[in-house]
Every structure is written in structure tokens, then in C-alpha cells.
Amino acid sequence: MILIERAKQNPAHFAPLYKKYHDAIFRYVFKRVDEEEAAYDITSCVFVKAIINLPKYEYRGVPFSSWLFRIAKSELYQSFRDKKAKRTISIDSVQIGRVMEEFSIDENEHKREILLKVLPLLKDKQLQLIEMRFFEKRSFREMGEILELTENNAKVKTFRALIKLKALYAQHNPLK
Amino acid sequence: MIKILVNRTQPSKAEIAKRQDFNYILSALPKKNLLYSPWFYGAMGFSSLAGLFYFIAAYS
């Protein structure tokens with residue numbers, strides 16, 4: 001909090017906060033855009049916006065990191081609207097396995113392909129919840145803080161998104 | 001259509017750290033407009049009043 005108060009007085013004092021959160025913000029952005037350079041550009045925009053809006057930041061239960069992720073989320077969607085970056089889902093085999101496990105289905109190449117085919121069919125808000133919960137292993141509390149929802153609401157919405165994903169998976173799986 | 005990248009190579013911590021550039025962030029901040037500065041209004045107000053008093057004193 002002392003660092004934040006100092007940075008409010010003088011933007012040059014934001015440097016330690018920039019060093020601390022740069023990696024996490026970059027990784028959050030990188031997973032959602034197709035090009036690495038675009039991810040670096042968006043990350044820079046996030047910190048510029050953060051410094052500009054810092055005088056408005058007040059600690060009201062939302063940690064500073066979640067406040068930065070909120071800015072990152074809005075900057076990402078601005079880049080998609082401006083067509084500076086393309087919405088991407090970055091997923092690895094372990095994360096695919098985690099979702100399959102949640103569906104209680106055995107993992108195989110064919111089933112994995114179906115899952116990857118139906119993931120983009122989700123609404124973007126549902127996709128965000130699935131990404132945060134299953135690909136990034138965030139707590140419902142943190143998800144709520146970033147998406148401006150209550151913890152309980154984040155839990156309920158994630159559960160609904162999972163049901164939707166399951167339904168889409170069942171629709172596209174010829175071997176039900 | 002949303003693109004899906006499976007097992008994408010992520011840049012290392014060191015690579016990301018190398019790309020940190022706080023000076024760029026500071027240079028990208030919008031410059032403060034002098035018109036919105038209280039110093040500007042203070043100086044303008046003071047000189048206007050001084051001018052007014054001068055004219056009152058000179059022509060009375």
C-alpha cells in the first residue's frame with residue numbers, strides 16, 4: 001500500500017509495482033492473443049492506463065493485482081475491437097485433461113479434438129470463466145475480483161458455462 | 001473464429017523480464033496540460049488583479 005501511495009504522488013515511483021506485476025500481466029495477455037509482439041504492446045498499454053488511473057484506485061477489498069487484471073481485460077477487448085490482436089485460446093495437454101476430468105470422460109485423441117472444436121462456440125464471457133478456472137487455476141474469489149462479480153456469482157456462472165460446454169460436447173460427439 | 005493454440009511455447013521469465021521498459025511507460029503518459037494546472041490559474045488570477053489595481057490607481 002505504501003508503494004501505491006508513493007506512486008500516486010509521482011508516477012516514477014510506480015517502477016517497483018511495474019517490475020512486480022509485469023510478468024503476470026504479460027502471461028495473462030499472451031494466453032489470449034495470437035502474437036507475442038501484440039501481447040507486449042498490450043501489456044505496456046495496461047501499465048500506462050494503470051498509472052493514469054492510479055489516483056482513482058482505493059483499496060476496497062480488491063487486491064491491486066486484480067485491479068491490474070481488470071485493466072488488462074479491458075485493454076485486451078479494446079485491442080480485439082481495434083483489430084490489433086486476435087482472440088486466442090492457449091491451452092496445453094494438462095489443461096485439456098483437467099476439463100475432461102471435470103466431464104468425467106476418458107481422454108483420447110478424438111475426444112480432445114471435439115473439446116477443442118466446441119470451446120470457441122462458447123460465449124466469450126463463459127469462455128473467460130472456463131479459461132480462468134480450468135486453464136489458469138484461479139480461485140472463484142480472484143475470478144470474481146477480475147470479472148467484477150461476487151465470489152458466489154463467479155462460482156454459479158462457471159458451473160453454468162461448464163454445463164453449456166458439456167452440452168456442446170455431447171452435440172458434437174457422434175459416439176455418445 | 002477464435003484461434004486455439006495447443007501446447008504453445010511460452011517465453012521464459014528471463015525473456016519477459018528483458019522486455020520490461022519502464023522509461024517507455026513513463027514517456028507514453030499524456031503530458032499534463034498547463035491549462036488544467038492550479039498554478040496556471042493562480043498566476044493568471046494574480047496578474048489580472050494586479051493589472052486591474054494598476055489601472056484603478058492610474059486613472060483615479
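Helices here are DSSP runs of H or I with at least four residues, strands are E runs of at least two, and both are numbered from the N terminus. A:E148 is not a glycine, and it sits in the loop between helix 8 and helix 9 of chain A. Most residues other than glycine have a negative phi. A:E148 counts as exposed, because it has 12 C-beta neighbours inside 10 Å. For the cut-offs, with C-beta atoms placed from the backbone: 20 or more other C-beta atoms within 10 Å of a residue's own make it buried, 12 or fewer make it exposed, and anything in between is partly exposed.

All of this is read from a predicted model, where local features need pLDDT of at least 70 and side-chain atom pairs count only at pLDDT 80 or more, while totals for chains, interfaces and linings use all residues. Residues are numbered from 1 along each chain as its sequence is written, with chains lettered from A and ligands numbered from 1 in the order in which they are written.

A:K83 belongs to the loop between helix 4 and strand 1 of chain A. With 7 other C-beta atoms within 10 Å, A:K83 is exposed.

## Helix 8 itself

The buried ones are A:F140, A:E142, A:M143, A:G144, A:E145 and A:I146. What do they pack against? The buried residues of helix 8 lie against helix 4 (64-81), helix 7 and helix 9 of chain A. Contact here means that the C-beta atoms of two residues, placed from the backbone, lie within 7 Å.

Leaving aside residues up to four places away in sequence, A:I146 touches A:S66, A:F69, A:R70 and A:K73. Take A:F69: it is 77 residues from A:I146 in sequence, yet their C-alpha atoms are 6.0 Å apart.

## Helices 7 and 9

Two packed helices are described by the angle between their axes and the distance between the axes. The axes of helix 7 (residues 124-135) and helix 9 (residues 151-172) of chain A come within 9 Å and cross at roughly 105°. These axes are lines fitted to C-alpha atoms, for helices over the stretch in contact, and angles run from 0 to 180 degrees between N-to-C directions. Helix 7 and helix 9 of chain A are therefore roughly perpendicular to each other. On that scale, under 35 degrees is roughly parallel, over 145 roughly antiparallel, 65 to 115 roughly perpendicular, and the rest oblique.

From helix 7 of chain A come A:Q126, A:L129, A:I130 and A:R133, and they meet A:K157, A:T158, A:A161, A:K164 and A:L165 in helix 9 of chain A. By class, the residues of this contact split into four nonpolar, two polar and three charged. Ala, Val, Leu, Ile, Met, Phe, Trp, Tyr, Cys and Pro count as nonpolar, Asp, Glu, Lys and Arg as charged, and the others, Gly among them, as polar.

## Chain A as a whole

Chain A has nine helices and one strand, in the order α-α-α-α-β-α-α-α-α-α along the sequence. The C-alpha trace spans about 60 × 35 × 25 Å along its principal axes. Of its 176 residues, 32% count as buried.

Chain A is divided into domain 1 (2-81) and domain 2 (93-172), with bounds taken from an automatic or database domain assignment. Their C-alpha centres lie 25 Å apart. Six residues of domain 1 are in contact with four residues of domain 2.

## Meeting chain B

The contact between the chains takes 28 residues from chain A and 20 residues from chain B. Helix 2 (15-30), helix 3 (36-53) and strand 1 (88-91) of chain A each supply at least two residues of chain A's side. That side divides into 16 nonpolar, five polar and seven charged residues.

Strand 1 of chain A pairs with strand 1 (residues 3-6) of chain B in the parallel sense over four bridges; strands pair if DSSP finds at least two bridges between them. Within this pairing, A:S90 has B:L5 as its bridge partner.
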